[in-house]
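Group the points by topic and give the cut-offs behind each term.

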Amino acid sequence: MSLASRLVDIHTHIYLPRYCALLRSRTSVPRILTSNRDGKPDDRLLILDHEPSGGRPVGPHYWERDEKIKFMDRHGIDLSVVSTANPWLDFLHPSEAKTLASQLNEDLEQYCADSPQLSPSLKRLYGFGLLPLVPDISITALLETIEQISKLSHLKGIIMGTKGIGKGLDDDALDPVWEALSKAGLVVFLHPHYGVDAKAWGEKDNGHVLPLALGFPFETTIATTRLILSGVFDRHPSLRLLLAHSGGALPQLSSRLASCIDHDPVVASRLAHDARWYLGKLYFDAVAYGPEELGFVSDVIARAGRFEAGASGSTGATVDRKLGSKRMMFGTDHPFFPPLKGTEKWRSVVENLEAIDEVSGWSQEEKEGVRGGNALSLFNLLL
Ligand code: 5CU
């Protein structure tokens, strides 16, 4: 099998043992509650608002490398680019966040370096490091951590939430961070945690359905839109940003966004391009669970080429559809969304694989790209 036809998971998480130890030591959320049931450890994870009382059960698949590899083998996944799961270091004081970021980056490097070989030059695991993105951290501390990550050969990017250092990602103070990440060639994986104002969910008990299905993607939509509006992609054209959950609602709303900008002279004069052009600069996971959604996202990405500076965006202009799927990559969200009953394969994974396979209009080559080839190129994981 050629490397181009490998299955690569770019959206897969871990709570490293050192991070779990911290969560276990805490008395408020985020935390892991540890107790014993019938003589066996009974760990419960509390990270989101309104976790079911007592928290959700968690086990070794949240922290052990062997469990990750077993999961990959069960689903035919050759290589994974693993990231710490939310809420990262967001809740820590700056000095604690800086120290822990550096330790967890070393831990993740080791976790990947000790993983099995996929080929003579590739391991099965690579990773996204962590930055100590918390209020009152110095920019120097962030730049030092970027330098650390860029020297760890199995870390190919960083994962971050949407808060930045307290004012969101459009904070001008973060400009040196975008600059350093671009220069280091590190991919930024933007991932939600906070959702939107919980009042929007009303009073009915719908469990975690609304915050996860809608709150998470809207958070990503808002954060990415703010980044675009702040001109970050004009100032840092080589920044590579990968969006969780296929970019949330941004593909669906991008023409409306462009129209609102057109009617707002202050914002319009700030940007070098039509809003839709920026979607062609982004990368998207393929964690959307449906072929129609994946096809739609790839069409919107491909359409971005019509909005090169000065171009009218007219529907008559030629669009290379392949440019869309090339920016999309398979992901699983493991270890979240485990099967409710002990099935061999996880439904959440099978659905995402079937969705890729069923996109109408994608050639076999494009599907192979989304399954793995695009990720291997993005992360420079080539022979
Ligand atoms: O189910 C969940 O809570 C989550 C989460 O917290 N983070 C994530 O990436 N997916 C699902």
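By class, the shell around the ligand consists of five nonpolar, two polar and one charged residues. Here Ala, Val, Leu, Ile, Met, Phe, Trp, Tyr, Cys and Pro count as nonpolar, Asp, Glu, Lys and Arg as charged, and the others, Gly among them, as polar. The model is predicted: local features need pLDDT of at least 70, side-chain atom pairs count only at pLDDT 80 or more, and totals for chains, interfaces and linings use all residues. Residues are numbered from 1 along each chain as its sequence is written.

**Ligand surroundings**

- The residues around the ligand are His 13, Ile 47, Leu 48, Ala 85, Asn 86, Leu 212, Asp 333 and Phe 336; a residue is near a molecule if its C-beta atom, placed from the backbone, lies within 6 Å of it.
- Asn 86 belongs to this shell, and its peptide bond to Pro 87 is cis, with omega near 10°.
- Pro 87 is found in the loop between E5 and H3; helices (H or I, at least four residues) and strands (E, at least two) are DSSP runs, numbered from the N terminus.

**The sheet**

- Eight strands form an open sheet with parallel pairing, in the order E1-E5-E8-E9-E10-E11-E12-E13; two strands pair if DSSP finds at least two bridges between them.
- E1 and strand E13 (328-329) are the edge strands, each pairing on one side only.
- Helix H3 packs on the sheet and touches E5, E8 and strand E9 (155-160), and its direction makes about 170° with that of E8. Axes are lines fitted to C-alpha atoms, for helices over the stretch in contact, and angles run from 0 to 180 degrees between N-to-C directions.
- Strand E11 (residues 241-243) pairs with strand E12 (residues 283-285) in the parallel sense over two bridges, and Leu 243 has Phe 284 as its bridge partner in E12.

**Strand E5**

- Six of the six residues of E5 (residues 79-84) are buried, so the strand is largely enclosed by the rest of the structure. A residue is buried if 20 or more other C-beta atoms lie within 10 Å of its own, exposed if 12 or fewer, and partly exposed in between, with C-beta atoms placed from the backbone.
- Leu 79, Val 81 and Ser 83 point one way from E5, while Ser 80, Val 82 and Thr 84 point the other way.
- E5 pairs with strand E1 (residues 8-14) in the parallel sense over five bridges; the bridge partner of His 13 in E5 is Ser 83.
- E5 also pairs with strand E8 (residues 125-129) in the parallel sense, over four bridges, and Val 81 stands opposite Tyr 126 in E8.

**Nonpolar core**

- The largest nonpolar core has 92 residues, and those with the most contacts inside it are Ile 158, Val 188, Leu 190 and Ala 286. Such a core is a set of buried Ala, Val, Leu, Ile, Met, Phe, Trp, Tyr and Cys residues joined through C-beta atoms within 7 Å.
- Helix H3 (residues 94-113) gives the most to this core, with six residues.

**Backbone exceptions**

- Most residues other than glycine have a negative phi, and most peptide bonds are trans.
- The peptide bond from His 334 to Pro 335 is cis, with omega near 5°; Pro 335 is found in the loop between E13 and helix H13 (347-358).
- Asp 136, in the loop between E8 and helix H4 (139-150), has a positive phi of about 70° and is exposed, with 10 other C-beta atoms within 10 Å.
- His 245, in the loop between E11 and helix H8 (250-262), has a positive phi near 50° and counts as buried, with 24 C-beta neighbours inside 10 Å.

Definitions and conventions
Contact = placed C-beta atoms within 7 Å.
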